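Please look over the sequence and the model shown here. The report that follows takes up selected local features one after another.

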Amino acid sequence: MTAVHVPGAPLISEGRLVSTSPATGAEAGSFPLASEADVRAAVDRARAAGDWWAGLGFAGRRDRLQRWRGVLARRIEELADLMHTEGGKPVGDAVVEILTALEHIDWAARNAQRVLGPRRVRSRLVLAEFSGHLEYQPYGVVGVIGPWNYPVFTPIGSAAYALAAGNAVVFKPSEYTPAVGQWLVDRFAEVVPEQPVFQVVHGFGAVGAALCRSGVGKVAFTGSTATAKRVMAACAETLTPVLLEAGGKDAMIVDSDADLDAAADACVWGGMTNAGQTCIGIERVYAVDQVYDAFVEKVVAKAGRLTVGPDGTDLGPITMPSQIDIIRRHIDDALDRGGRAVLGGPEAVQPPYVHPTVLVDVPEDSAAVQEETFGPTLVVNRVRDMDEAVERANALPYGLGGSVFGRARAVAVARRLRSGMASVNSALTFAGMSTLPFGGVGESGIGRIHGEEGLREFGRPKSVTRRRARSLLPAMTFERTPADIARIVKIAKLMYGRGR
């Protein structure tokens with residue numbers, strides 16, 4: 001019996017990875033499937049290319065990265081159309097995603113020297129005869145394993161910063177979006193034709209595992225928590241450092257003094273943009289009793305106006321076909337356990353699409369609250385006060401982002417969220433702010449992309465001391481005398497002996 005191909009699912013044909021549209025089944029591209037030897041060969045090529053790339057210096061790399069940024073900007077419609085074809089993402093969403101990626105390329109290129117370049121570090125009195133210097137040296141080759149839901153913004157958040165820091169990059173895009181990954185690498189080669197500084201390897205999980213074991217200096221991964229753990233285990237075999245951006249189940253909290261129209265608008269956008277396939281998407285909402293009913297009414301009204309379909313709509317198809325079963329299971333479980341669908345419900349699941357669904361009165365131990373859904377669904381539950389809202393928001397092992405709407409207490413509540421990021425009176429905005437680090441805590445990951453911390457993730461700190469005078473207090477020498485030790489004891493008591 002011949003297996004029936006599901007539109008959007010990756011297909012292997014004659015040793016090539018074939019990518020298809022989840023909406024129409026049309027082919028988006030066909031690419032050579034990498035073997036373990038192919039991955040190692042790419043990494044070997046990258047080592048030499050990385051030496052050349054690092055030799056360009058910060059100014060040379062800045063020029064090339066800005067030229068790459070320019071190519072992407074001038075061809076933004078072409079890339080957005082490809083993202084729409086391959087992943088089903090609405091063209092408008094694709095354009096916004098590309099814009100944020102362009103901002104990150106620009107910021108990383110402009111700021112790498114300031115953040116990572118050599119600088120003098122002040123010494124202290126104990127070693128006053130030495131000067132201290134700090135610089136960040138590239139790892140050489142960085143492996144980037146990207147996701148399918150944001151195939152431009154997310155991998156560029158690692159790759160552009162790694163490149164700005166002086167590394168070569170070997171990129172394994174998701175098997176669901178290889179055409180977009182190949183397009184990005186090909187455009188980079190147009191402005192850096194001399195060496196294979198930015199390469200791509202295609203395939204399934206085995207290719208990602210091979211990249212982890214290939215001898216790269218660091219691996220940056222974005223994907224599910226379960227896969228992040230496997231990546232970390234594979235890298236642990238060689239103590240290869242990792243940067244992991246894993247799953248999330250982000251919460252929004254709505255206080256009694258919130259602007260409910262703004263909160264509802266941000267809630268629907270944060271929960272349902274990209275058909276809810278967003279790691280930092282709003283999946284849980286806790287609204288205090290005083291405003292709960294009015295808030296739910298506004299959310300249902302806004303979500304109910306969203307259009308769903310292949311072209312010119314607000315929500316496109318679910319990119320990964322198997323995700324539809326998870327979304328269906330979460331909706332059914334919530335209803336079976338006493339929850340109510342005030343919009344959508346089981347009938348909203350119409351593969352390859354899922355229509356907006358808003359669930360209320362859902363028990364906190366249900367799958368729709370506990371597990372990442374990755375679909376256009378929202379669970380909106382009532383809480384007594386902000387303390388209960390924070391307690392529920394922090395109850396899960398995830399800790400990626402979050403949102404708080406309110407006036408008097410919003411910032412203080414945002415600080416109490418166990419998350420790597422939070423937005424006050426907005427949703428998801430920290431992703432586009434290139435000056436801020438992006439990442440989570442707990443089962444949402446390790447490390448940060450974006451901002452100064454993101455640049456430092458891709459450079460190894462190198463400390464250098466230099467003698468500039470004779471030691472007045474010889475300590476690190478076998479030539480020291482008992483009198484020298486007596487002076488050291490006296491100085492230690494004078495400098496550190498006080499209680500304050």
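A polar atom of the side chain of Lys172 lies 2.9 Å from the backbone oxygen of Gly203, a polar contact in the sense of a pair of N or O atoms within 3.5 Å, where within protein one must be able to donate a hydrogen and the other to accept it, and where residues adjacent in sequence count only if both atoms are side-chain atoms. The model is a predicted one, in which local features need pLDDT of at least 70 and side-chain atom pairs count only at pLDDT 80 or more, while totals for chains, interfaces and linings use all residues. Residues are numbered from 1 along each chain as its sequence is written, and side-chain values use heavy atoms, with hydrogens and water left out.

Lys172 belongs to strand S7 (residues 168-172); helices (H or I, at least four residues) and strands (E, at least two) are DSSP runs numbered from the N terminus. With a relative accessible area of 5%, Lys172 is buried, where buried means under 20% relative accessible area, exposed over 50% and partly exposed in between, for a 1.4 Å probe and protein chains only. Not counting residues up to four places away in sequence, Lys172 touches Val144, Ile145, Gly146, Val201, Gly203, Phe204, Val207, Gly208 and Leu211, contact being defined as heavy atoms within 4.5 Å.

Strand S7 also pairs with strand S6, in the parallel sense and over 5 bridges; two strands pair if DSSP finds at least two bridges between them. Gly143 has Val170 of S7 as its bridge partner. Because 5 of the 5 residues of S6 (residues 141-145) are buried, this strand is largely enclosed by the rest of the structure. Both of its faces are covered, with Val141, Gly143 and Ile145 buried on one side and Val142 and Val144 buried on the other.

Strand S16 (residues 357-360) is likewise covered on both faces, by the burial of Thr357 and Leu359 on one side and of Val358 and Val360 on the other. S16 pairs with strand S13 (residues 340-343) in the antiparallel sense over 3 bridges, and in S16 the partner of Ala341 is Leu359. S16 and S17 run parallel and are joined by 4 bridges, with Leu378 in S17 as the bridge partner of Val358. The pairings described in this report are set out below.

| Strands | Sense | Bridges |
|---|---|---|
| S6 and S7 | parallel | 5 bridges |
| S13 and S16 | antiparallel | 3 bridges |
| S16 and S17 | parallel | 4 bridges |
| S5 and S21 | antiparallel | 9 bridges |

Between S5 (residues 130-138) and S21, Pro138 stands opposite Gly459 of S21.

Strand S17 (377-383) is also among the elements against which the buried residues of helix H13 pack, together with S11 (250-254), S12 (282-288), S18 (402-405) and helix H14 (410-416). Those buried residues of H13 (residues 386-393) are Met386, Glu388, Ala389, Val390 and Ala393. At the start of H13, the backbone nitrogen of Asp387 has a side-chain oxygen of Asp385 within 3.2 Å.

In another helix pair, the axes of H2 (residues 57-74) and H4 (residues 91-116) come within 9 Å and cross at roughly 175 degrees, the axes being lines fitted to C-alpha atoms, for helices over the stretch in contact, and the angles running from 0 to 180 degrees between N-to-C directions. That makes H2 roughly antiparallel to H4, a term for angles over 145 degrees, whereas those under 35 count as roughly parallel, 65 to 115 as roughly perpendicular and the rest as oblique. Residues making this contact include Phe58, Arg62 and Leu65 of H2 and Leu102, Ile105 and Asp106 of H4.

Finally, the cysteines: with a disulfide defined as a pair of cysteine sulfur atoms within 2.5 Å, the count comes to 0 disulfides. The sulfur of Cys212 is 3.8 Å from the closest cysteine sulfur, that of Cys235, which is too far for a bond. Cys279 is in no disulfide either, its nearest cysteine sulfur being that of Cys267, 17 Å away. Cys212 counts as buried at 1% relative accessibility, and Cys279 counts as buried at 12%.
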